[in-house]
Amino acid sequence: MHLINYRNASPATRFGGRYGTQDLENELNWLFGTALNGFVPPVLGGQFPVDLYEDKDNTYVRAELPGVTRDAISVEMIEGSLSLQASRKEKTAEGESTVSFNRLVSIPDEVASDKVTAAYENGILTVTLPRKEESKPKKINVSVN
Amino acid sequence: MSFFNSLIPTAAGAVSCAESEALPARRPAYEVTESDSGYNLTVTLPGVSKEGLEITDEGGELRIVGKRAGKLPEGVVILHRESTDAAFELVLEHDNTIDPAKTEAELKDGVLHLKLTKAESAKPRKIAVT
């Protein structure tokens with residue numbers, strides 16, 4: 001079953017399997033972060049962690065998007081996939097820059113796409129996808145609470 | 001990791017354990033900028049609410065511990081997971097020139113903004129030559 005479309009290998013998975021622990025990665029990130037102080041942004045744009053889980057009624061997609069305003073979050077159902085997009089304005093030495101994030105998550109066919117809801121709290125976006133009997137591919141816009 | 005920690009004492013904060021968590025704490029992304037009056041610290045703490053946040057400043061050590069509120073509900077089936085419930089812990093050392101009474105903290109949408117004001121004695125002063 002194909003669940004997640006990876007656009008790039010995320011930093012969290014790059015060392016996965018070889019060391020079995022994130023400690024070394026944390027240390028290396030810290031060392032490089034120190035050496036390249038002011039050069040590496042606190043959070044790299046593009047990728048953000050996504051969880052996919054389900055109970056008997058719903059499938060849930062949860063994404064970590066700290067510091068994003070609700071207006072800047074876009075949640076769309078596109079032909080059986082959930083598109084999550086967000087942007088955040090950051091102050092830099094040169095002024096203000098916009099960092100964009102996006103993920104496309106393949107979701108199970110049995111989701112009632114017209115009943116999808118989303119909530120944003122403490123920097124975490126949770127999208128609730130209720131199940132239905134039959135699937136009908138279509139594109140809809142979902143408002144974010 | 002003891003080798004790294006012995007080389008760089010401040011790195012120990014990245015792997016130390018929070019008291020009530022079985023998972024090791026992780027160091028959050030953060031940014032510090034300095035101005036004449038103080039320091040502005042921005043820490044990314046996704047999933048941390050005000051109740052789960054603890055900020056202490058003692059002995060020249062600013063410690064920020066954030067426990068995640070948004071844990072996965074009981075009884076769900078996890079299909080794919082990239083996040084972790086590990087708490088955040090950030091320890092920053094300073095030279096004790098911060099006035100703790102004037103520290104302001106704001107947590108919004110998983111991002112902590114901390115305004116640290118320099119003590120009067122640490123602010124730059126112009127000295128008139130007579």
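Q: Among contacts in chain B between residues at least 6 apart in sequence, what percentage join residues at least 24 apart?
A: In this predicted model, 51% of the contacts in chain B between residues at least 6 apart in sequence join residues at least 24 apart. The corresponding value for chain A, counted among contacts between residues at least 6 apart, is 60%.

Q: Is N40(B) buried, exposed or partly exposed, and why?
A: N40(B) has 15 C-beta neighbours inside 10 Å and therefore counts as partly exposed, because the class of partly exposed residues lies between the cut-off of 12 or fewer for exposed and that of 20 or more for buried. E54(B), placed in strand β3 (residues 48-58) of chain B, is partly exposed because 13 other C-beta atoms are found within 10 Å.

Q: How many residues apart in sequence are E54(B) and I64(B), and what is the C-alpha to C-alpha separation?
A: E54(B) and I64(B) are 10 residues apart in sequence and 5.8 Å apart in space, taken from C-alpha to C-alpha. The strands concerned are β3(B) and β4(B), the latter made of residues 61-68, and these run antiparallel and are joined by seven bridges.

Q: Which residues stand opposite each other in this pair of strands, and what is found in the hairpin?
A: I55(B) is placed opposite I64(B) of β4(B), and D57(B) is placed opposite L62(B) of β4(B). The hairpin formed by β3(B) and β4(B) has two residues between the strands, and in this hairpin G59(B) adopts a positive phi near 60°.

Q: Which strands make up the open sheet of five strands?
A: The five strands follow the order β6(A)-β7(A)-β2(A)-β1(A)-β5(B), and their pairing is antiparallel. Its edge strands, each pairing on one side only, are β6 (117-121) of chain A and β5 (77-80) of chain B. The twist from one strand to the next averages 25°. Within this order, strand β2 (residues 58-64) of chain A and strand β7 (residues 124-130) of chain A run antiparallel and are joined by seven bridges, with R62(A) standing opposite T126(A) in β7(A).

Q: How is a nonpolar core to be understood, and which residues of the largest one touch the most other members?
A: In soluble globular proteins, nonpolar side chains tend to be buried together. The largest nonpolar core here has 24 residues, of which V61(A), A63(A), L65(A), I73(A), L125(A) and V127(A) touch the most other members. At least two residues of this core are supplied by each of β1 (50-54), β2, β3 (73-78), β4 (81-92), β6 and β7 of chain A, and the largest share, four residues, comes from β7(A).

Q: What is the secondary structure of each chain, and what percentage of its residues count as buried?
A: Chain A comes to two helices and eight strands, in the pattern α-α-β-β-β-β-β-β-β-β along the sequence, and 25% of its 145 residues count as buried. Chain B comes to one helix and eight strands, in the pattern α-β-β-β-β-β-β-β-β, and of its 130 residues 25% count as buried.

Notes
Residues are numbered from 1 along each chain as its sequence is written. Chains are lettered from A and ligands numbered from 1 in the order in which they are written. This is a predicted model: local features need pLDDT of at least 70, side-chain atom pairs count only at pLDDT 80 or more; totals for chains, interfaces and linings use all residues. Two strands pair if DSSP finds at least two bridges between them. Axes are lines fitted to C-alpha atoms, for helices over the stretch in contact, and angles run from 0 to 180 degrees between N-to-C directions. Two residues are in contact if their C-beta atoms, placed from the backbone, lie within 7 Å. A nonpolar core is a set of buried Ala, Val, Leu, Ile, Met, Phe, Trp, Tyr and Cys residues joined through C-beta atoms within 7 Å.
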